[in-house]
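Let's take a look at how this chain packs together. Have the sequence and the 3D view open as you read.

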Amino acid sequence: MTYDNAGRILKIVNEKFNRYGFPSLTINQNIIPSDNSTLFICSGMQELKSRFAEPDNSTYSSLQSCIRTNDLDSIGDGTHLSSFQMLGNFSFCGPEYQKSCEMWLEIFHKLQIVPDYVTYHPNCPQHQKIWQELGLSTVESTDCEWSDGNIGGYCTEIFKDNIEIGNLVNTSNAMTDVGFGWERLMMFAEHKSRVDETSLFPQVNNYILRDHLRTIELLHVNNIYPDNKGRNFITKKLIRRCLNEESLDFFQDYFKQDPQTAIFKWFADEDKRKTKAINSAKSSLIKHRNKDYQFWKESFGLLPFEIDKLKNNTM
């Protein structure tokens, strides 16, 4: 991230957090959950469940890196991302829920972001009252209830241009779990029309690459190298998707600076494996053209978009 914008905004957030009794942000790029309940950490509160289960009146604030892989086909639409950061503040029976609402409204004013409306659950009119008294429009929504199966509560969701930018959960009606999408906040703070146009992303001329390159760098920080199983397969899949968009020469130029030359080696090795797999698959294409994607993955290590491209090029 560039300090001129991201650093300035984080400074504003930290100042407000401290004023309202929350500590300065802990910036956490670890994406491997401690309990292995999911492939990657996918929310700001995921590593804090034990603190919600045993509240001790403490508080916490974080900028947590997350990865979700269920939206890969939507990457490039301007709002969905394979990796993102959740900017959050948490109280474990500490500062009351209303204080977080007031604090975030002050942050919006400082960033010159004007939310369009806030949704609330019909069973929780006190949440509607809080936001109306703060001057924001409210809309009733039965979706405003969050739970992971054990921990949860009613919440309010903040919308700007019909995009949800944040969620404030009143956990167990006694604690606070707040999460704002950092990239979406930056989009509105920098007056961009897409999250991948902000200064948080490499401004290459390909929306898929803007997302994937950033995520691959995060995977590299966590030493999740490309391979065929689990988290490592996600690294492999993202690299292969990148190689489907641009030639290896493009990435050699992009990763020319240390320490990113190590990432380019991932690309170079994967490009060799892909080329070998495609050459091997060509001889079987006539006989097995109608086989499903799983056959091509298990037999040759090819991904769906690669076998589709191979079939189209050999028609």
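**Helix α7 and the cores**

In α7, the buried residues are R231, N232, F233, I234, T235, K236, L238, I239, R240, R241, C242 and L243; buried means under 20% relative accessible area, exposed over 50%, partly exposed in between (1.4 Å probe, protein chains only). This is a predicted model, where local features need pLDDT of at least 70, side-chain atom pairs count only at pLDDT 80 or more, and totals for chains, interfaces and linings use all residues. Residues are numbered from 1 along each chain as its sequence is written, and side-chain values use heavy atoms, leaving out hydrogens and water.

**More on α7**
- Helices (H or I, at least four residues) and strands (E, at least two) are DSSP runs, numbered from the N terminus.
- α7 covers residues 230-245, and 12 of its 16 residues are buried.
- Those buried residues pack against α6 (207-221), α8 (248-254), α9 (261-282), α11 (293-300) and α12 (304-313).

**T176**
- You'll find T176 in strand β9 (residues 176-181).
- T176 counts as buried because its relative accessibility is 1%.
- Beyond neighbours within four places in sequence, its contacts (heavy atoms within 4.5 Å) include F52, N89, Y97 and V169.

**Nonpolar cores**
- A nonpolar core is a set of buried Ala, Val, Leu, Ile, Met, Phe, Trp, Tyr and Cys residues joined through side-chain atoms within 4.5 Å.
- The largest one has 44 residues, and L87, W104, L168, F180 and W182 have the most contacts inside it.
- Its largest share, 8 residues, comes from α3.
- Apart from it lies another core of 24 residues, including I75 and F251.

Methods
Expected span 1.5 Å × (residues − 1).
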